[in-house]
Amino acid sequence: MIILSANKLTKAYGTDVVLEDASFAINAGEKIGIIGRNGAGKTTLLNMLSGEWEPSGGEFFVSQDARIGYLKQRDNFFRSDTVIKAIDSIYTDIHRVEDELEKVTGEIEELSHKGLEPPEDLISDLDRLHMEYETLGGYTYKSEMTGILTSMAFTKADYEKKISELSGGERTRLALAALLLEKPDILLLDEPTNHLDIDTLRWLEQYLAAYKGTIMIVSHDRYFLDKVVDRIFEVEHLHLYSYKGNYSQYAEQKRLRRESELKAYNNQQREIRRQEDMIRIMMEHNTEHLVKRAQSRVKRLDMLDRLEKPEGDDPKMKFRFKQDFKSGNDVVIAEDLGKTLYDRQPYRHLFSHVNFDIKRGEKICIVGPNGVGKTTLLRMLMGELKPTEGRFKLGTNVAFGYYDQGQQLLHDELTVIEELRDAYHLYTDTELRSILGRFLFRGEDVFLNVGSLSGGEKARLTLVKLMMSGANTLILDEPTNHMDIESKEVFEEALKAFEGTAIIVSHDRYFLQKIPTRMLELTPEGMKEYLGNYDYYLEKKALEEELSLSEAAGVKEPSKATSSKEERAGKKAVEAEERRRLREIERLEKDIESKENRVSEIEDLMQLQENLSDFNKLTKLSEEMSKLKEEINENYEKWETLQTP
């Protein structure tokens with residue numbers, strides 16, 4: 001069933017057209033990824049579909065009664081509200097029914113105290129309200145609310161934080177949590193993966209993949225798009241193109257489409273030239289018969305539906321990182337580093353016992369949860385912050401170049417060319433304009449104020465300065481955050497070709513798959529090393545978790561060189577584990593049966609006449625039933641896991 005469609009949707013500002021003749025139809029349940037260069041019109045499309053902006057032309061249709069939720073619109077919290085109050089305010093319908101239930105229950109209790117039977121219409125109202133309360137999720141909304149907040153990295157200690165105290169990233173995560181809890185029929189998300197760490201990203205992918213509604217996502221996160229969407233809209237050269245499949249499938253389809261269009265155009269051009277040559281030769285002979293044939297060919301040629309030359313790719317950045325001189329083989333060694341923030345109350349411990357050794361030419365990616373201190377670690381490397389514990393040892397001739405994710409090193413009051421001139425005054429303006437042109441700052445763009453640039457433009461300007469620095473060791477803090485997909489790919493190629501050292505903090509999993517020679521995971525207890533890319537990191541993490549579970553269950557990994565005695569002991573351990581597995585299966589089955597029986601009892605109790613008028617008792621029974629159902633589901637998952645020895 002089509003839930004949303006558009007016909008020749010257009011948006012223009014005066015003569016400046018942003019999107020032209022966009023037509024599409026979306027079925028209920030489809031998951032659409034919207035991609036394109038920065039400024040191509042992706043957010044403009046969402047703003048029109050959400051009703052925030054009026055289209056300049058065309059029209060779009062939304063299925064009757066379909067509710068639209070837009071991530072950008074959700075950040076309208078009252079600054080004085082707390083986190084939990086802001087989320088709880090979503091459940092206005094549930095709270096309305098709770099108030100009505102309390103009122104009706106009070107009336108019934110008052111009649112009972114007087115020894116009077118409540119009238120049928122009052123009992124009927126109570127039944128109706130209980131059904132509405134259950135339909136709205138009244139018995140489960142609190143656990144659902146805390147579950148989503150936990151998944152969005154909010155602890156119980158954060159619940160009483162005021163909105164005014166939250167960072168920009170925390171507000172974005174809170175807005176996303178609120179939107180997911182509202183469960184609209186059509187979910188519009190503009191860059192939802194910003195400010196999320198890897199664990200939260202993985203949770204969000206699983207949640208959205210299982211989401212029953214329709215989703216439209218603007219994103220530059222290629223890994224995320226591969227996991228979540230089943231269709232791609234690309235906004236390019238003012239037009240919208242639709243492709244079936246995820247991002248990787250889109251990339252292949254686009255390549256084939258471009259090749260096919262170019263081949264068809266070239267074939268037609270060859271045929272046109274051949275026909276024109278034939279017409280010229282026939283006309284040159286100037287015989288009546290050949291002239292008539294030539295005229296006939298001219299008519300056919302005039303009637304030909306001529307293909308337009310396919311538009312090429314937009315200009316791409318062109319650059320290479322160069323090092324003015326090499327560093328020594330040892331770049332940086334960290335010995336038992338620790339950091340605690342004493343400038344706030346209460347003190348905040350970030351990490352301790354961090355050790356690593358980075359060599360020349362390595363591409364090291366640092367990962368870890370938000371708030372663990374990854375940016376702090378980079379600033380310590382740069383000498384901007386001092387460690388609370390431990391020390392750094394820098395190698396010889398190490399020259400750092402720093403990419404700051406907040407672009408705080410740029411000066412908003414300067415123009416683009418002044419920003420470069422201020423840092424590299426030995427270059428002429430002609431040379432600076434030539435360099436800026438390679439980063440797509442052309443013509444009058446070089447006189448734009450830095451403060452007026454978009455996030456993507458500021459990212460490009462920061463890269464210009466980094467390229468010109470000649471640093472042999474790049475310190476990069478979330479470098480791909482504000483880049484569109486094409487810019488990311490150019491940046492990745494430049495980084496792979498760089499002969500110096502790169503130390504990078506990133507949550508971009510596609511990037512983490514292509515770049516690192518090693519990955520370091522920062523935790524409060526120290527640093528873990530993984531000798532490979534993101535897939536290797538995931539594989540090793542899964543193995544560690546599996547080993548940890550085995551150790552918790554009392555199973556030890558057998559040694560590679562075991563004696564016959566050890567082999568027998570190992571065999572006995574395996575047999576003992578098998579017995580434990582079977583006993584655990586039996587225990588789970590009994591527990592499931594017991595809990596399911598209790599659920600049936602509760603359902604019967606909730607139907608008893610004396611309980612129908614007792615709202616408090618019904619609430620307790622419903623909460624018990626919800627908890628039991630959760631435990632039953634968990635037991636079934638454990639039971640399924642144990643089926644394979």
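**Close-up views of a predicted model**

View 1. Setting aside neighbours within four places in sequence, L174 is in contact with F77, V83, A86, I87, L149, F154, I163 and L166. L174 is also one of the residues with the most contacts inside the largest nonpolar core, together with I87, L149, L189 and L208. That core has 55 residues. Helix α6, residues 168–182, gives the most to this core, contributing eight residues. Another core, of 47 residues, lies apart from it and includes L453, V464, L495 and Y537.

**View 2**

**View 3. Strand partners of β15.** Strand β14, residues 400–403, pairs with β15 in the parallel sense, over four bridges. Here F400 stands opposite T473 of β15. Strand β16, residues 501–505, also runs parallel to β15 and is joined to it by five bridges. T473 takes part in this pairing too, with T501 as its bridge partner in β16.

View 4. Helix α15 spans residues 485–497. Together with β15 and β16, α15 makes a β-α-β unit, and this unit is right-handed.

View 5. Is helix α11 (residues 374–381) mostly covered or mostly uncovered? Six of its eight residues are buried, so the helix is mostly covered. The buried residues of α11 are K374, T376, L377, L378, M380 and L381. Just after α11, G383 takes a positive phi of about 85°.

**View 6. Packing of helices α12 and α13.** Helix α12 covers residues 416–423 and helix α13 covers residues 429–438. The two helices pack at an angle of about 115°, and their axes are 10 Å apart. In this arrangement α12 passes α13 in a right-handed crossing. Which residues of α12 and α13 meet? From α12 these are V416, I417, L420 and R421, and from α13 they are D429, L432, R433 and L436. An α-helix has 3.6 residues a turn, so residues three or four places apart point the same way.

Notes
Residues numbered from 1 in each chain as written. Predicted model: local features only at pLDDT ≥ 70, side-chain atom pairs only at ≥ 80, totals over all residues. Heavy atoms only, no water. Pairing = 2+ DSSP bridges. Right-handed = clockwise from strand over helix to strand, strands pointing away. Core = buried A, V, L, I, M, F, W, Y, C linked by side-chain atoms within 4.5 Å. Buried < 20%, exposed > 50% of the residue type's maximum accessible area, 1.4 Å probe, protein only. Contact = heavy atoms within 4.5 Å. Axes fitted to C-alpha atoms, helices over the stretch in contact; angles between N-to-C directions. Left-handed = near helix turned anticlockwise from the far one by under 90°.
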